[in-house]
Amino acid sequence: MNKLLFKDIDEPGLNTIDVYRRRGGYEQLRRALSMPREAVLNELLASGLRGRGGAGFAMGKKISFLPKGALDIYLCCNADESEPGTFKDRELMQKNPHMLIEGIIIAAYAAGANKSFIYIRGEYVLQADILDAAVLEAERAGFLGENILGSDHRLSLVVHRGAGAYICGEETALLDSLEGKRGNPRLKPPFPANQGLYQGPTLINNVETLATVPAIMGMGGDAYAKLGTETSTGTKLVSVSGHVKRPGNYEIELGVSSREIIYGLAGGPPEGRSVKLWFPGGSSSPVLTGDDLDLAYDFDTMAKAGSMLGSGAIIVVDDQTSVVDVAYKTAYFYRHESCGKCTPCREGTNWTVKMLERMKAGEATPMDLDIIASVCDNIIGHCLCVLGDAMAMPVGSMVAKFRDEFEEYIEARRQESYLGTADPEPELALIQGAVA
Ligand SMILES: Cc1cc2nc3c(=O)[nH]c(=O)nc-3n(C[C@H](O)[C@H](O)[C@H](O)COP(=O)(O)O)c2cc1C
Ligand code: SF4
């Protein structure tokens, strides 16, 4: 398979500027700066690159929404990477920080931005230290600062560490956090392209999206667009976790079969087990089942199947695991991370957790499944940001697709409760896992 982002990923010392430059690093920046801004933007538009952070919006189009001639345009790289199951940006930043920095400088040039930030989740201490060192190297080499490589392009880059809240990955909460406020999502519109950081026009992109930019400049937007499918161009990093023999990050060409990723690359579930369900795009994506393994892994096929490609985090759950436990752990996480600003999310995530706890305590009836489905329906589309949906979609899909198993579980727990053998407390290990 074609490798662009992971081409040299295991090269010793790749995180240093010398090794990166020996591998052709910063040559695409040199080339980009010799071109007019519009020509660089045209390459990004031609590539069809869609955002790798979750929503899949076309990057070039986002840049073209930025107002022209504004005084200060900002670029923010979203390195919050808090979606459960997602760990691809971590590996990129740790092993190849200069590829990201080069991508940021080129994207900032295309966008007309002079101030840039990498907002990195607080837990990524090692990766933030590596980025700090790499930024210093890039400044000393004249790739950041005034008159970059003799051009009129200037750019500052600051690595900003978050404090460990999932919601700060949502782009407007990220901006508030970066401004020193509590990280709460803002009402949209206005969108960040018009009123973002410090009320100025702002381009926000995920780490992987920006790290792809040098590869696009190297091969040309049209050639990049030939990789993958017509509407999901290029390669994608997928983080595969859960019940597979070889969990890890893999670079795939979009459009390969999901079976090839889960079984071919990640080795499939342990011997004698099969795939019960899988999250195709992080814990916020509606689940698919073992019957969906032959679907092509790309944005549109996942959407047509009722789910989403999201951040590219595939979490595999095998047939030995209770779907109720998976739903509980998912709901628990989102309840914990809700910022509490809007009622459907704040109350709906809490009700869902409480109903699942009723099931575990042997106090639920099958009617509770209808109530959960109704709560989920009332969250989706009714919140300020999509964190509420991020719980409602996967939990709702589990209840819809595995209703029989939920009903059997409810009945079994009720029997145990009647006989006095049910555990009234939710499993501690599950909670600890959800919080970790
Ligand atoms: C609750 C929530 C959490 C998010 N977390 C992240 C994250 O950790 N990293 C990320 O890149 N995007 C995250 N996003 C998506 C961002 O809001 C935004 O769409 C993305 O950074 C845009 O970059 P892209 O176009 O390159 O994907 C999150 C969205 C929501 C609603
Ligand atoms: S949906 Fe949830 S996390 Fe998002 S703004 Fe509303 S309460 Fe906060």
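The structure is a predicted model, in which local features need pLDDT of at least 70, side-chain atom pairs count only at pLDDT 80 or more, and totals for chains, interfaces and linings use all residues. Residues are numbered from 1 along each chain as its sequence is written, while chains are lettered from A and ligands numbered from 1 in the order in which they are written.

Start with the parallel sheet. Four strands make up an open sheet, ordered β3-β2-β1-β4, and their pairing is parallel. Strands here are DSSP runs of E with at least two residues, helices are runs of H or I with at least four residues, and both are numbered from the N terminus. Two strands pair if DSSP finds at least two bridges between them. β3 (156–161) and β4 are the edge strands, each with a single partner strand, so one side of each has no neighbour in the sheet. From one strand to the next, the twist averages 20 degrees. Such angles run from 0 to 180 degrees between N-to-C directions, and axes are lines fitted to C-alpha atoms, for helices over the stretch in contact. Strand β1 (residues 74–79) pairs with β4 in the parallel sense, over five bridges. In this pairing, N78 stands opposite N206 in β4.

N206 leads on to ligand 1. The ligand is surrounded by 23 residues, and the closest are G51, G53, G169, N206 and T209. A residue is near a molecule if its C-beta atom, placed from the backbone, lies within 6 Å of it. Which strand gives the largest share of the shell around ligand 1? That share, three residues, comes from β4. β4 (202–206) and α17 (387–401) each supply at least two residues of this shell. By domain, at least three residues come from each of domain 1 (17–225) and domain 3 (323–435). These bounds come from an automatic or database domain assignment. By residue type, the shell around ligand 1 holds eight nonpolar, nine polar and six charged residues. Here Ala, Val, Leu, Ile, Met, Phe, Trp, Tyr, Cys and Pro count as nonpolar, Asp, Glu, Lys and Arg as charged, and the others, Gly among them, as polar.

Now turn to ligand 2. Its surroundings comprise 14 residues, of which C339, C345, C383, C385 and L387 are the closest.

Helix α14 (residues 323–337) and α15 meet at an angle of about 150 degrees, and their axes are 9 Å apart. The two helices are therefore roughly antiparallel to each other. For these labels, angles under 35 degrees count as roughly parallel, over 145 as roughly antiparallel, 65 to 115 as roughly perpendicular and the rest as oblique. The crossing of α14 and α15 is left-handed. A crossing is left-handed if the near helix is turned anticlockwise from the far one by less than a right angle, and right-handed if clockwise.

The axes of helix α6 (residues 97–111) and α7 cross at roughly 55 degrees and come within 9 Å. α6 and α7 are therefore oblique to each other. Their crossing is right-handed.

The other sheet has mixed pairing: five strands form an open sheet in the order β6-β5-β9-β7-β8. β6 (248–253) and β8 (288–289) stand at its edges with a single partner strand each, so one side of each lacks a neighbour in the sheet. β5 and β6 form a hairpin, with five residues between them. Strand β5 (residues 235–242) runs antiparallel to β6, and six bridges join the two. Within this pair, V238 stands opposite Y250 in β6.

Some backbone details remain. K188 and P189 are joined by a cis peptide bond, with omega about -5 degrees. P189 sits in the loop between α8 (171–178) and β4. A cis peptide bond also joins P189 and P190, with omega about 5 degrees. P190 lies in the loop between α8 and β4. Finally, N147 is not a glycine, yet has a positive phi of about 40 degrees. Its place is in the loop between α7 (125–140) and β3.
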